[in-house]
Amino acid sequence: MSVLLLVGGTDDTVVKAKELGITVLLLQHPTKISPIQEAAADEIRIVDFTSWAEVEPVAEELWDLHHFDVALSLTEPGLDNAGRINDKFGLGGTGLAVTRLFRDKLAMRAHLALHDPAAVPAAPLAERADLDAYAGRHGFPFIVKPTDATAGIGVLKVEGPEDLDRAWEHVARLRGTRTDRVSTLFVLDDFLIERYLDGAEYSVETFSFNGRHVVVSVTEKWVDPRSFAEIGHVVPARTSSADEELIRAEVPRFLTTMGLRDGVAHTEVRVGSHGVSVIESHNRVAGDAITDLVEGAYGIDLITYSVGWPFGLVPELPDRPVAHAGASTRFVVGTPGRVVSVAGVEAAAAAPVALVVRVSAKPGDEVRSLRDNWDRLGLVAVTGLDADDAIANGARLIESVIDIRVETEDGTVVRAGAAEVAEAVPA
């Protein structure tokens, strides 16, 4: 019998594990449990899975009852404790030491610097003087961000000396916060400083098989240049063959250096004046429906692979999966104001090209200018004949079917639309 201890997780993760015949023991946060999970999982323990003090005795109880084979998490707040469980019971899955290198962006930078003298310089940000010290050593521009947050929360570009006070005020305002905008499962405590990386941005979806790293997809990312909020994705990336080869060479090297041997990873990179530079990486699946894009374009379900590979229930992938279609996530954004009405969501979801349609906006919600991913109003993930066709299909659903009306500060009612996207990189 294959027994999985799943630390957190979505409905999709639980259901797909069950479809493979796996016995699922689920540790779920009280705010995240759903009827689908209750029906599908074999056993559930409601626990704050971010707290080792709460998780450890529950894991010991389930070990005595079931002797599970592996602990796994595909959600950011559950990764550390899944690693601790693997270590505690000698299960052989990804342990805490490797997981912490992915979760802690400053630890990642320090680890990479041990292996590469030209690695991106980074430093902890504990007090105002740290900003001056970093600027004195490395110059401008540079980035200030939390060490372990997600979704673009708290990322700030510091252009020159005139921005230093503003950067410190930014950190002081965010430090210690735990808000609904970020996640009730995250507290922003520690910050770092690192060199700003220029160039086009991509994410790289990989799966590792006993140390063999397969680049499943290079995902083109559209990022707001001011806030760094992600405003679109497309698979396969419309990039030059030369840049794709650089990415396909660098990311497996990076994963080997990080010590990852098995499972999924989502690595964000930029290709610019410093070559291919890793921004950050996560030993979990991507968000923003990117797993749906990969399945839509390549026919590869990374969630099924993630739960199935530890038990040998899925075959190894070839080194270069071939896309049979294009797929794209387009985001709905609005003018600052307040949501008046939301319509067309069900109709958009029923469209033949639709993979996923999610709209978080509700009447009465505040609409803010883009500061991070949480300021988006919804997403539409679609397929197409190729990447360009998918991009157009997503825009069409947002502009013609989804109807979100926003009353602006001057009383005008306007319709939310699709975030603007970038042109393709010449091949």
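Tutor: Contact here means heavy atoms within 4.5 Å. This is a predicted model: local features need pLDDT of at least 70, side-chain atom pairs count only at pLDDT 80 or more, and totals for chains, interfaces and linings use all residues. Residues are numbered from 1 along each chain as its sequence is written, and side-chain values use heavy atoms, with hydrogens and water left out.

Take F207. Neighbours within four places in sequence are set aside; F207 then contacts R212, H213, V214, V216, G263, V264, L302, Y305, S306 and W309. F207 also belongs to the largest nonpolar core, which has 40 residues. Such a core is a set of buried Ala, Val, Leu, Ile, Met, Phe, Trp, Tyr and Cys residues joined through side-chain atoms within 4.5 Å. Buried means under 20% relative accessible area, exposed over 50%, partly exposed in between (1.4 Å probe, protein chains only). L4, F207, V216 and I300 have the most contacts inside this core.

Now R212, one of the contacts of F207. Its side chain meets that of E316 in a salt bridge, at 3.0 Å, N to O. The term covers a side-chain nitrogen of Lys or Arg within 4 Å of a carboxyl oxygen of Asp or Glu. The two residues are 104 apart in the chain: R212 sits in strand β10 (residues 212-223), E316 in the loop between α11 (302-308) and β14 (326-333). Helices (H or I, at least four residues) and strands (E, at least two) are DSSP runs, numbered from the N terminus. R212 has a relative accessible area of 29%, so it counts as partly exposed. E316 is partly exposed too, at 41%. The structure holds 34 salt bridges.
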